[in-house]
Amino acid sequence: MTRSAERTLDWTDRVLELEVGPVAHGGHCVARHEGRVLFVRHALPGERVRAVVTEDQGGSFCLADAISVLEASPDRVPAPCPWARAGGCGGCDFQHVAPPAQRALKTTVLREQLTRLGGLSGGLAETVEVEELPGGPLGWRQRLRLAVDDEGRAGLRAHHSHEVVPISDCLLAPAGLLDDLLERRWRPGDEIEVAVDAHGERHLGSGVPPGERSTSVQHAAGRDWQLSPGAFWQVHPELADTLVEVVREWAAAPAGGTAWDLYGGVGLFAAVLAGQVGPEGAVTVVESARQAVADGERALRDLPQVAFRSGRVERVITELPDPAVVVADPPRKGLGKAMVEELCARGPERIVYVACDPAALGRDVKLFADRGYALTALRSFDAFPMTHHLESVALLEPVSAERP
């Protein structure tokens, strides 16, 4: 296809019959038609479907939604939610997939990103599995954000769109959590933050009158955490303590040593590191959200070896003494070249990297490898059932210190 043809081609709204190929990162599967690649939602590898093209920028690929299935995969199941469909809510990618097959698809994506972007072959790139968390595929989401349409109705956004899809429930949330919120009328354009705490009580954040906002209490790492409205906390009720246990095992911060908890939020992992370094050690939490820092300082006030620093991580760490151990939980985009270079230059014995995007993880693993740090352990968790998202924890160590 010539460049001029690519620029003028537009298949938007065209309905195509497609043979669906492998899963791709982002909740799509790959299909090909007339020399172009289509990323198809609501499909499964090996299926034959009719799909409507939803987005076409005129290049070598476009996006599509399967609207009917001509030959179904044995892994296909009826979607429990009526809004999990073409043109519906954009939150769930895999409601049409049996839960074990969802984890298999995510495992395939994770391995592919580690191989293609991370430059790995064999070993962890071939053996890592996305692990199930307790609680099942529905009712797990303890924090979500509702959007409000032009008529004041709360709902969820369509895929790759600002359009608000009115709903009467969300099956990923605990039963009854949203009932009265979906019946109310809100200010158009607002977003309503909703969270459930460790006691099953609901708390509201932005988008509601100040009198309706409240502090929530979560429990992890053996202690209670009082969180201000809108504060970050893991959305799956089992994930925080699952990550804590992996960090506890892999960080192994030395007694009396120095450790960093980067992008640390309220200091969940700092609580673990503090127990390892003891009263003679030092743990620094670096977090840009001032309210999270305030919440964390309140929660960990009994641990004088923990200090919080508010600011951009890349700036703050230049002022800190070299660490023995680093725990980093960066945003979805990952650490990136400059941060990886800075961490490697400081020479920690171990870096425990919590990643919510397998592509970012793959890119950063390659950057670490180029600077002498190897991936020596990896676990991944299906912390977001029915979606394409997953959570991983990676251990990186200097090549000279690789485990046998």
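The model is predicted, so to speak of local features a pLDDT of at least 70 is needed, side-chain atom pairs count only at pLDDT 80 or more, and totals for chains, interfaces and linings use all residues. Residues are numbered from 1 along each chain as its sequence is written, and side-chain values use heavy atoms, with hydrogens and water left out. Helices (H or I, at least four residues) and strands (E, at least two) are DSSP runs, numbered from the N terminus.

**The barrel and the TRAM span**

- Five strands form a closed barrel in the order 1-2-3-5-4, with mixed pairing; two strands pair if DSSP finds at least two bridges between them.
- From one strand to the next, the twist averages 50°; here axes are lines fitted to C-alpha atoms, for helices over the stretch in contact, and angles run from 0 to 180 degrees between N-to-C directions.
- Strand 4 (residues 48-55) pairs with strand 5 (residues 61-71) in the antiparallel sense, over 7 bridges.
- R48 stands opposite E71 in strand 5.
- As a general point, strands of a sheet pair through backbone hydrogen bonds, either parallel or antiparallel.
- An unreviewed UniProt entry places the feature "domain: TRAM" at residues 14-59; UniProt positions are given in the numbering used here, feature names are shortened, and annotations may be inferred rather than shown by experiment.
- That span, residues 14-59, is 0% helix and 65% strand, and its end C-alpha atoms lie 16 Å apart.

**Annotated binding-site residues**

- The unreviewed UniProt entry gives the annotation "binding site" to Q234, Y263, E287 and D329.
- Q234 lies in the loop between strand 13 (223-227) and helix 5 (239-251).
- Q234 counts as buried because its relative accessibility is 10%; buried means under 20% relative accessible area, exposed over 50%, and partly exposed in between (1.4 Å probe, protein chains only).
- Not counting residues up to four places away in sequence, Q234 touches L239, A240, L243, D329 and E391; contact means heavy atoms within 4.5 Å.
- Y263 lies in the loop between strand 14 (258-262) and helix 6, and Y263 is buried because its relative accessible area is 19%.
- Leaving aside neighbours within four places in sequence, the contacts of Y263 include E287 and D329, along with V286, V313 and P330.

**H236, in a loop**

- H236 is placed in the loop between strand 13 and helix 5.
- With 2% relative accessibility, H236 counts as buried.
- L133, P134, W140, A383 and P385 are touched by H236, not counting residues up to four places away in sequence.

**Helix 6**

- Helix 6 (residues 268-277) is mostly covered, with 9 of its 10 residues buried.
- Among these buried residues are L268, F269, Q276 and V277.
- Just after helix 6, G278 takes a positive phi of about 75°.

**Helix 10**

- Helix 10 (residues 358-370) has 13 residues and reaches 18 Å from its first C-alpha to its last, close to the 18 Å expected at 1.5 Å a residue; the expected span is 1.5 Å times one less than the number of residues.
- D357 caps the N-terminal end of helix 10, with a side-chain oxygen 3.1 Å from the backbone nitrogen of A359.
- Buried residues of helix 10 include P358, L361, V365 and F368.
- Their cover includes helix 2 (99-116), helix 9 (336-346) and strand 18 (350-355).
- Just after helix 10, G372 takes a positive phi of about 90°.

Methods:
A polar contact is a pair of N or O atoms within 3.5 Å; within protein, one must be able to donate a hydrogen and the other to accept it, and residues adjacent in sequence count only if both atoms are side-chain atoms.
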